[in-house]
Amino acid sequence: MHEKERHRIILSAVQEKPVVTVPELVELTGSSEATIRRDVAALHVQKRLRRVRGGAEAINPPQFVGLAGRPFSVNEGLHAREKQAIAREAVALCQDGEPIIINGGTTTFQMVHFLANRRMQVFTNSFPIAEHLLKHSKNTVMLSGGTIYREQNIILSPFDNDVTRNFYARRMFMGAQGLGPLGLMEADPLLIQAEQKLIDQADELVVLVDSSKFHKRSSLILCGLKRIATVITDSGIEDRHASMLESAGVTLVIANAKSKVDAETASTSA
């Protein structure tokens, strides 16, 4: 990752939380600890943030605390071809006219390109998903109520009266920070709270994760493997992870990423 992009992510992170640790910045940028420490020191000298023991904080600390995890703009470029192939398989499960829930995320966002010619009822907590479907499709779109978290482009509410309980779905499609023997993992308690409400409104839970997510862990469990009906991933999944899903009774769908040209054609046709 280029230095300017790392600096942008670091400065964005310190505006989202009172204090951001070096390990958190390493996870966000995919850089080494030494690189992050040099970046923090440089930004401290430029008076763009304040270096503190083990991390950094904003010069003017935020009054509103954001979510843990990488920004949407950063995640969108990671494993892009795999995400598009996974999204294609997800939409293939859908039937016109049925109600579905699409949770916010960069993998689920790719579904919008393949929903362009569908006629479905879509409930989402993702501002970019809703915006794209409204502009480029005839699907009926319903948004949850709450606060828009700019970095993740997601709408979340800690309250029960946020419209979520009024929508029933045949399937819910969602991504996750990680997937392991204990189930789906996320990075933020507010995400967990909001997503659990959504999961309760769907008959089947379909998880969209590229194969790298099987190697990532978090301290927060969203739901167990038994709640998942289907996992769609790419051909990079290891046999041991496939066996883990099979043992839990989860249907595994392998999406084969097409060439870059094919992926761009699908996006353009949307």
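## Overall composition

The protein exposes about 12800 Å², of which carbon and sulfur atoms supply 50%; accessible areas come from the Shrake-Rupley method with a 1.4 Å probe, and for residues only the protein chains shown count as cover. This is a predicted model, in which local features need pLDDT of at least 70, side-chain atom pairs count only at pLDDT 80 or more, and totals for chains, interfaces and linings use all residues. Residues are numbered from 1 along each chain as its sequence is written, and side-chain values use heavy atoms, with hydrogens and water left out.

The protein has 11 helices and 15 strands, these being DSSP runs numbered from the N terminus (helices: H or I, at least four residues; strands: E, at least two). Of its 270 residues, 50% count as buried, where buried means under 20% relative accessible area, exposed over 50%, and partly exposed in between (1.4 Å probe, protein chains only). Among contacts (heavy atoms within 4.5 Å) between residues at least 6 apart in sequence, 62% join residues at least 24 apart.

Helix 10 spans residues 239-247, and its buried residues are His241, Met244 and Leu245. They lie on the same side of helix 10, because they cover an arc of only 95° around the axis; the arc is that of the directions from the helix axis to the C-beta atoms. Strand 10 (178-180), strand 14 (230-234) and strand 15 (251-255) are among the elements that cover these buried residues.

The face turned away from the buried side of helix 10 carries the exposed residues Asp239, Arg240, Glu246 and Ser247. Just after helix 10, Gly249 takes a positive phi of about 80°.

## Ile192 in helix 9

Ile192 belongs to helix 9 (residues 189-199) and is buried, with a relative accessible area of 11%. Leaving aside residues up to four places away in sequence, Ile192 touches Glu186, Leu220, Ile221 and Leu222. Ile192 and Leu220 are 28 residues apart in sequence, and their C-alpha atoms are 7.8 Å apart in space.

## Cysteines

The structure holds 0 disulfides, a disulfide being a pair of cysteine sulfur atoms within 2.5 Å. Cys94 counts as buried, at 3% relative accessibility, and Cys223 is buried with a relative accessible area of 11%.

Leu143 is found in strand 6 (residues 140-143). With a relative accessible area of 34%, Leu143 is partly exposed.
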